[in-house]
Amino acid sequence: MCRVFAAQDPEGYRQINRSIRIDGHSTSIQLEVTFWALLDEIAESQNLTTPKFISKLYDEAIEINGEIPNFASMLRTTCALYLRGHRLSMQEVLKREAA
């Protein structure tokens, strides 16, 4: 069972830094290649660029929670939630917002 995970291509967990403008400030975020690919997919599903999606996510999280103790971790868990099936939930939210 673990072979599926153990045999994964190391390229998928290579870390990449990307510079993104959030709240008017340029910041660098370091995530693994796999998470960047998922964030690109999520952003595309929202008809946004990845930087625009991340900036919007940041703004909304600050509005809801007041702070984000670890933004990189939040981005990783965003990917996990997306993979766990929240794609449908997000589509429902978008439909409600459009109505």
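1. A polar contact is a pair of N or O atoms within 3.5 Å; within protein, one must be able to donate a hydrogen and the other to accept it, and residues adjacent in sequence count only if both atoms are side-chain atoms. Helices (H or I, at least four residues) and strands (E, at least two) are DSSP runs, numbered from the N terminus. With that in hand, look at the start of helix H3: Thr49 caps its N-terminal end, with a side-chain oxygen 3.1 Å from the backbone nitrogen of Lys52.

2. A word on the model: it is predicted, so local features need pLDDT of at least 70 and side-chain atom pairs count only at pLDDT 80 or more, while totals for chains, interfaces and linings use all residues. Residues are numbered from 1 along each chain as its sequence is written, and side-chain values use heavy atoms, with hydrogens and water left out.

3. For the 16 residues of H3 (residues 50-65) that is 22 Å, and the end C-alpha atoms are 22 Å apart, which agrees. After the helix comes Gly66, with a positive phi near 85°.

4. Buried means under 20% relative accessible area, exposed over 50%, and partly exposed in between (1.4 Å probe, protein chains only). In H3, the buried residues are Thr50, Phe53, Ile54, Ser55, Leu57 and Ala61. Ser55 has a relative accessible area of 14%. Beyond its neighbours within four places, Ser55 is in contact (heavy atoms within 4.5 Å) with Arg21, Ile22 and Asp23.

5. Of its 20 residues, Ile29, Leu39, Ile54, Phe71 and Leu75 touch the most other members. Strands S1 (15-22) and S2 (25-32) and helices H2 (33-45), H3 and H4 (71-98) each give two or more residues, and H4 gives the most, with 6.

6. Finally, the rings: they pair if their centres lie within 6.5 Å, for Phe, Tyr and Trp (its six-membered ring), with planes under 30 degrees apart stacked, over 60 edge-to-face and the rest tilted. The whole structure holds 1 aromatic pair.

Definitions and conventions: Expected span 1.5 Å × (residues − 1). Core = buried A, V, L, I, M, F, W, Y, C linked by side-chain atoms within 4.5 Å.
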